[in-house]
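Open the model in your viewer and keep the selection panel at hand.

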Amino acid sequence: MTDFILNLVGNNYVATIVMSFMPMIELKGGIVFARGAGLGFFEAFLFSFLGSSLVFIPIYFLLRPILNLLKRVKWINAFVLNVEHYFSERAEMAITKQKKQNKRRRSEIGLKQLAVFIFIAIPLPMTGIWMGTAIAVFLQLKFKDAIWPALLGNFIAGTCISLLAEFCLALWNIKVLDYILYGMFGIALVLTIIVVIKLILKKRNSHEEEGTE
């Protein structure tokens, strides 16, 4: 995968930014890709962090308008409503978890910021800045209140993945990073497909319930 992308783009730094900007791959995959492409530790981190962080702006400002626009299309209206409900549930789960775990008195904004930070900082599939920004939007955080926890969480996740990549390089051949990249992409793809299937089935179930009323 690494060689194919490098031949396609033609520049290691631009390829890293593009890879880390993409959903499912994001910062985690960008760092693994960059190290496999021969970039140094700090270069891989910097350009992956830059590419993935740039995602925050379009998602924050365009997610709601795009969903509202798609809701006007009759044949996908129910699906889009389910997508909105999914994001709302994830946001509610994140803030509820922080309320339970934080015994210190925090402001509502502080709890929301902490929820966004922790969600993005944990380097697991589908916990990157794409989903984290969507959660920030549905938690109704203002731009200035959402961007810093998102960037800080992205920084922490990037640090963890960078150290993990270095550990893998110390033990195995650089080619192992290509396998890790395939694995990360595959896991994220499977999880995305599962979520989409659940949303589609939820859409059908809602239609069946409406038909029986």
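**Stop 1: the cavity.** By the grid rule used here, the count comes to one cavity of 30 Å³ or more. On a 1 Å grid over the protein atoms alone, a cavity is a set of points where a 1.4 Å probe fits but cannot get out. Points are joined across faces, edges and corners, and a volume is the space filled by probe spheres set on the points. The model is predicted: local features need pLDDT of at least 70, side-chain atom pairs count only at pLDDT 80 or more, and totals for chains, interfaces and linings use all residues. Residues are numbered from 1 along each chain as its sequence is written, and side-chain values use heavy atoms, with hydrogens and water left out.

Select Glu26, Leu27, Lys28, Ile120, Thr127, Gly128, Ile129, Asn154 and Ala157, which line the largest cavity. Lining residues have an atom within 4 Å of a point. The space inside is about 40 Å³. Helix α3 gives the most to this lining, with three residues. Both α3 and α9 supply at least two residues each. The lining divides into four nonpolar, three polar and two charged residues. Here Ala, Val, Leu, Ile, Met, Phe, Trp, Tyr, Cys and Pro count as nonpolar, Asp, Glu, Lys and Arg as charged, and the others, Gly among them, as polar.

**Stop 2: the largest pocket.** A pocket is an open set of points with protein on both sides within 12 Å along at least five of seven lines. The largest pocket has a volume of about 730 Å³. Select Pro23, Phe87, Trp130, Met131 and Thr192, the closest to its centre among 28 lining residues. Now colour α3 (26-36), α5, α6 (77-101), α8 (129-138) and α10 (175-212), the elements that give two or more residues to this lining. Helices are DSSP runs (H or I, at least four residues), and strands are E runs of at least two, numbered from the N terminus. Which helix gives the largest share of the lining of the largest pocket? It is α5, with seven residues. By class, the lining has 25 nonpolar, one polar and two charged residues.

**Stop 3: the second largest pocket.** Its volume is about 280 Å³. Select Arg90, Ala94, Lys97, Phe119 and Ile122, which lie nearest its centre among 13 lining residues. Helix α6 supplies the largest share, five residues. Helices α6 and α7 (108-121) each supply at least two. Nine nonpolar, two polar and two charged residues make up this lining.

**Stop 4: α5 against α9.** Show residues 56-70 and 143-171: the axes of these helices come within 11 Å and cross at roughly 145 degrees. Axes are lines fitted to C-alpha atoms over the stretch in contact, and angles run from 0 to 180 degrees between N-to-C directions. The α5 contact with α9 has seven nonpolar, no polar and no charged residues.

**Stop 5: Leu62.** Stay on α5 and pick Leu62. Leu62 counts as partly exposed because its relative accessibility is 44%, between the cut-offs for buried (under 20%) and exposed (over 50%), with a 1.4 Å probe and protein chains only. Draw a C-alpha distance to Val137: 10.0 Å in space, 75 residues apart in sequence.

**Last view: the whole chain.** Zoom out to ten helices and zero strands. Of the 213 residues, 41% count as buried.
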